[in-house]
Amino acid sequence: MIPETSEIMLIGIIGSIIATTLSLTILNISMTHRLFRTGITPVLMATLLFSFSWITSLVYIITGTAVSWILELTIHLLFIGAIFILLSIFTYLIKIDEILFYMRGNKRTL
Amino acid sequence: MVFSTSGIGSLVIDVGIVIVILVVLKMLKIPIVVDPFGEKSVHLRNVQSKDKDLFNKFWLKTGREWKKEIIDKEVKKGLQEIKIVAGEIYEGTRETIRYCLEEKRMKVFIVAEQGLKCPTEDLKEFIANSNFKLRISDKRPEHHKTIIGQNILLEEYHTRHDPYKKALGIENAYADVLEYHNDIFNSIFRDAQEIKSDLDLDEKTVCIYKPGK
């Protein structure tokens, strides 16, 4: 079943709000905790993209179906942002061995 | 329609955009993987453990190689001292000390545990050099490290009879990380007993420091 435009719009708006909140939280953790600093650049990119998706979904609500490409742009921004979140997790996994090694003797600086 | 929201084409476009963004970040010299401790941190191996850890042998540098590289780099920038917290003065540490004293004319500050596991001749030779400052701690330092300017080599925890197998080399450590390790070095060095001449040492192949002298 192909979802209707209004349903996609709803998914886009709710998705962008949730994604923006989530990425802002992760960004905050990345900036305050050394352990999560490894993936700060991809998280920052994801936050920017999610923020744009939030703006585009707002624009879509205001302008309506006449500019449906904005809705598609919202979904693309959400998708690319999600790829960046995955990338940040990957960067963390790359460094996990070194972080654990350091943690064993020097917990105070983490 | 500007985009297509369904199908493989859409996925390819999105992944392509991600790759383009990553290339742009790389060109702008913005690091994609940020190191949590400094500019770059790498795992290192001990030269003595190469036979046991065949896997590590092929892709990890030895602590000695890393230290030499960093010393060369830092001396060019004007660094004149190296700080070492050690348990024993094993062959690798001796090699580094000799390299610093003889080839680079650097000051070497070292604090170690009683019973250095260092041949007397070598130790006498080091002590004769005015740039070598040795102090002996009553308590074994738990975490051994070498501080070369802003770079730190952290050894894996090991006992007196078993040299470390793995270490972590941090290049250009962040200020707080460097401050933490410098503070530890300074406190151990301050509390330790200074060795001013070879008269403070036993005449044995493995030097044993005589407390109270």
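Reader: Where is B:Asn172 found?

Author: B:Asn172 is found in strand S8 of chain B, which covers residues 166–173; helices (H or I, at least four residues) and strands (E, at least two) are DSSP runs, numbered from the N terminus. Please keep in mind that this is a predicted model, in which local features need pLDDT of at least 70, side-chain atom pairs count only at pLDDT 80 or more, and totals for chains, interfaces and linings use all residues. Residues are numbered from 1 along each chain as its sequence is written, chains are lettered from A and ligands numbered from 1 in the order in which they are written, and side-chain values use heavy atoms, with hydrogens and water left out.

Reader: OK, and what is the phi of B:Asn172?

Author: Its phi is near 45°, which is a positive value in a residue other than glycine. Most residues other than glycine have a negative phi. B:Asn172 also counts as buried, because its relative accessibility is 18%, where buried means under 20% relative accessible area, exposed means over 50%, and partly exposed is in between (1.4 Å probe, protein chains only).

Reader: I also marked B:Arg105. What is its phi, given that it is not a glycine? And is it buried or exposed?

Author: The phi of B:Arg105 is positive too, at about 55°. B:Arg105 sits in the loop between H4 and strand S4 (107–113) of chain B, and its relative accessibility of 63% means that it counts as exposed.

Reader: Changing topic: at what angle do helix H4 and helix H5 of chain B pack?

Author: Helix H4 (residues 91–103) and helix H5 (residues 120–128) of chain B pack at about 30°, and their axes are 11 Å apart; these axes are lines fitted to C-alpha atoms, for helices over the stretch in contact, with angles running from 0 to 180 degrees between N-to-C directions. H4(B) is therefore roughly parallel to H5(B), since angles under 35 degrees count as roughly parallel, over 145 as roughly antiparallel, 65 to 115 as roughly perpendicular and the rest as oblique.

Reader: Staying in H4, is B:Ile97 buried or exposed?

Author: B:Ile97, which lies in helix H4 of chain B, has a relative accessibility of 0% and so counts as buried. Its C-alpha atom is separated by 9.5 Å from that of B:Phe109, twelve residues apart along the chain.

Reader: How far apart in helix H3 are B:Glu74 and B:Lys77?

Author: They are three residues apart in helix H3 of chain B, which means about one helical turn separates them, and their side chains meet in a salt bridge with an N to O distance of 3.5 Å. B:Glu74 is buried, with a relative accessible area of 7%, while B:Lys77 is exposed, at 56%. There is also a network in which salt bridges that share partners join B:Arg94, B:Arg98, B:Glu102, B:Asp122 and B:Glu125.

Reader: And chain A, how many helices and strands are there?

Author: Chain A has three helices and zero strands, and its elements run α-α-α from the N terminus on. Of its 110 residues, 42% count as buried.

Reader: Which helix gives the most to the nonpolar patch?

Author: That is helix H2 (residues 40–63) of chain A, with nine residues. The patch lies on the surface, has about 910 Å² of accessible area together, and includes A:Ile17, A:Phe52 and A:Trp54. Patches are made of residues with over 30% relative accessible area and no salt bridge, with like charges joined within 9 Å and nonpolar side chains (Val, Leu, Ile, Met, Phe, Trp, Tyr) within 5 Å, and accessible areas come from the Shrake-Rupley method with a 1.4 Å probe, where for residues only the protein chains shown count as cover. A:Ile55, which is found in helix H2 of chain A, is partly exposed at 43% relative accessible area.

Key: A salt bridge is a side-chain nitrogen of Lys or Arg within 4 Å of a carboxyl oxygen of Asp or Glu.
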